[in-house]
Amino acid sequence: MAELLQHLLNGLVLGGTYALLGIGLTLIFGLMNVVNFAHGEFYALGAYVSFAALALAGSDFFVALLVAIVAGAALGWLCEVALLRPLRNESIDTTMLVMIGVGIAMQNAELLGWGGVAKSIPHPFPTAPLVLGPVAIAPLRLFVLVLAAGLIAAAWLLIQKTKLGRAMRATFQDRDTAALMGVSIGRIHAATFAFGSGLAAAAGALLGPIFLVYPSMGDLASLKAFSVVILGGLGNLPGATLGGLLLGIAEELGAGYISSGYRDAIGFVIIILVLLFRPSGLFARQERIA
Amino acid sequence: MLRLENVHAGYGPITALRGLDVSVAAGELVCLIGANGAGKSSTLRAVSGLLPPSRGRIVFDGREIQAETPATILRAGIAHCPEGRRVFPYLTVEENLAMGAYVRTDRSAVAADLAEVERHFPILAERRRQMAGTLSGGEQQMLAIARALMARPRLILFDEPSLGLAPTVVEMTFAIIADIRRRGTTVLMVEQNAYAALRMADRAYVMETGRIVLEGRAGDLLEDDHVRRAYLGG
């Protein structure tokens, strides 16, 4: 029982960051109809920016996280304005290929800039685990879990409670009518892409100190993000949140009870099952983009 | 107030409007009638900026708006209540109304207008927190109209307001539109139900294949042989 609880807790930590990744991707996918294969690269970008801020500039952990989010959002915004905006009316395949190109460019820029050697991000937390009854958790992991939860809540508030979020949802539901209400569709797309990319960068900055940072880390992150979106349903924000937690927990349980070598395989087995039996996602397909 | 001069527009290779001249004076209720595909909806879309004309001018209050964005045109005072109501189904009634006032920054006036709209359409106040997609067709039509009013327009474009509604709801919708006009808002309306439209309008235009083929006082058109044969079923 204690072992199960421990796995669940570890799964939550992992799942919280998967949820951040998934929310960003599902927003971009759902609102803009862009299959963003570069999404994982924004995750890697967040990890590298946080590494640079912490290891090289010696900044505070919070500041590093903030800088990573801003960097991810800024690059996402640039991507939308420079590359996706001119292709607004092109087919989904065209933008997908462009984003694959962006992903390759970003990954190789990281290889060029940082070299291929994996780096570890220093963090200020004590390494001795906190023992909470039957389970133990490293302070860093607890911190990651809390921040991920906070960011998910902030994302939810932005979508549900702000004027921008309302306009995003309206645009997703009916683009022409949203335009008739005076919503600038271009601005909504740029904001959405920046927002989604910022969340991916946040996930990278949060998980970076737990795992290692290396140029190809974005590949797996992209796959995980797509898994979460498939689990949760396209454009479904609570779905992405739950899907992320579910994927994280399933991976931890698989790694714990079957074999840690199968960790990544577990997620993909779930995806295949979901696609076979519930192709529109695990959760009721009521409201999308919310 | 509104003048379209030689407006051409289309969707890719398809031409929808071929040299359209339409004018609407302040305070008028003008309607466009014509068969399906004649270009009535495209005319409204051109005015509201969703379908920018390839040629011609659209002048609103002395200002050329044919190259402006929908947001600018809305701010200038033209709201468009689209065909099929098009409420945002997964936004609440309240959020739909807020979307209507999206371009406005005068918060207290928006709040006052919201109260006014809810007094006028009590059913919307009752369903404030309900998703718009769960409303009946008639309620959705009221929401669509109320949403357009939330922009405080001086000119409202109505596209097929009676489409797909039950006869009693159609009557109510027309009564609401007549009332909006009575309160001083100018109306340009596209309507399949030519008889009802001509009875409430001051003037009307008859469209065929992207052009105006006939125009005149609505009462005269009701008596016109061509109009009677083609659009009034007798």
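Reader: Which residues of α3(B) meet residues of α6(B)?

Author: In this predicted model, V93(B), N96(B), L97(B), M99(B) and G100(B) of α3(B) meet L143(B), A146(B), R147(B) and A148(B) of α6(B). They are said to meet because C-beta atoms within 7 Å of each other count as a contact. Sorted by class, the residues of this contact are 6 nonpolar, 2 polar and 1 charged.

Reader: At what angle do the two helices pack, and how far apart are their axes?

Author: Helix α3 (residues 93–100) of chain B and helix α6 (residues 137–149) of chain B pack at about 35°, and their axes are 7 Å apart. The crossing of α3(B) and α6(B) is right-handed.

Reader: What makes α3(B) largely enclosed by the rest of the structure?

Author: A residue counts as buried when 20 or more other C-beta atoms lie within 10 Å of its own. Of the 8 residues of α3(B), 6 are buried, and therefore the helix is largely enclosed by the rest of the structure. The buried residues are V93(B), N96(B), L97(B), A98(B), M99(B) and G100(B). What covers them includes α6 of chain A, together with α4 (107–120), α5 (122–126) and α6 of chain B.

Reader: How many residues of the two chains are in contact, chain A with chain B?

Author: The contact joins 16 residues of chain A to 19 residues of chain B. On the chain A side, the elements that give two or more residues are α6 (163–173) and α7 (175–180), and α6(A) gives the most, with 5 residues. The residues of that side of chain A divide into 7 nonpolar, 4 polar and 5 charged.

Reader: Why is I188(A) called buried?

Author: The cut-off is 20 or more other C-beta atoms within 10 Å, and I188(A), which is found in helix α8 (residues 185–207) of chain A, has 21 of them and is therefore buried. Residues up to four places away in sequence aside, I188(A) touches A167(A), M168(A), T171(A) and V183(A).

Reader: Why are α5(A) and α8(A) called roughly antiparallel?

Author: The axes of helix α5 (residues 139–161) of chain A and α8(A) come within 10 Å and cross at roughly 170°. An angle over 145 degrees counts as roughly antiparallel, and α5(A) and α8(A) are therefore roughly antiparallel to each other. Where they touch, V144(A), L147(A), A148(A), L151(A) and A155(A) in α5(A) meet L199(A), A202(A) and L206(A) in α8(A), and this contact has 8 nonpolar residues, with no polar and no charged ones.

Reader: Why do β2 and β5 of chain B stand at the edges of their sheet?

Author: The open sheet of 4 strands in chain B has the order β2-β1-β4-β5, with antiparallel pairing. β2 (14–24) and β5 (63–64) each have a single partner strand, so one side of each is left without a neighbour in the sheet. Further in, 5 bridges join strand β1 (residues 2–11) to the antiparallel strand β4 (residues 55–60) of chain B. Helix α1 (residues 40–48) of chain B packs on this sheet and touches β1, β2 and β4 of chain B, with its direction at about 70° to that of β2(B).

Reader: What makes strand β3 of chain B mostly covered?

Author: Strand β3 (residues 29–34) of chain B is described as mostly covered on the count that 6 of its 6 residues are buried. L29(B), C31(B) and I33(B) point one way, while V30(B), L32(B) and G34(B) point the other way. In a regular strand, side chains alternate between the two faces of the sheet.

Reader: Which strands pair with β3(B), and in what sense?

Author: Two strands count as paired if there are at least two bridges between them. β3(B) has 4 bridges to strand β8 (residues 186–190) of chain B, in the parallel sense, and 5 bridges to strand β9 (residues 203–208) of chain B, also in the parallel sense.

How values were computed:
Residues numbered from 1 in each chain as written. Chains lettered and ligands numbered in written order. Predicted model: local features only at pLDDT ≥ 70, side-chain atom pairs only at ≥ 80, totals over all residues. Nonpolar A, V, L, I, M, F, W, Y, C, P; charged D, E, K, R; others polar. Axes fitted to C-alpha atoms, helices over the stretch in contact; angles between N-to-C directions. Left-handed = near helix turned anticlockwise from the far one by under 90°. Buried ≥ 20, exposed ≤ 12 C-beta atoms within 10 Å, placed from the backbone. Parallel < 35°, antiparallel > 145°, perpendicular 65-115°, else oblique.
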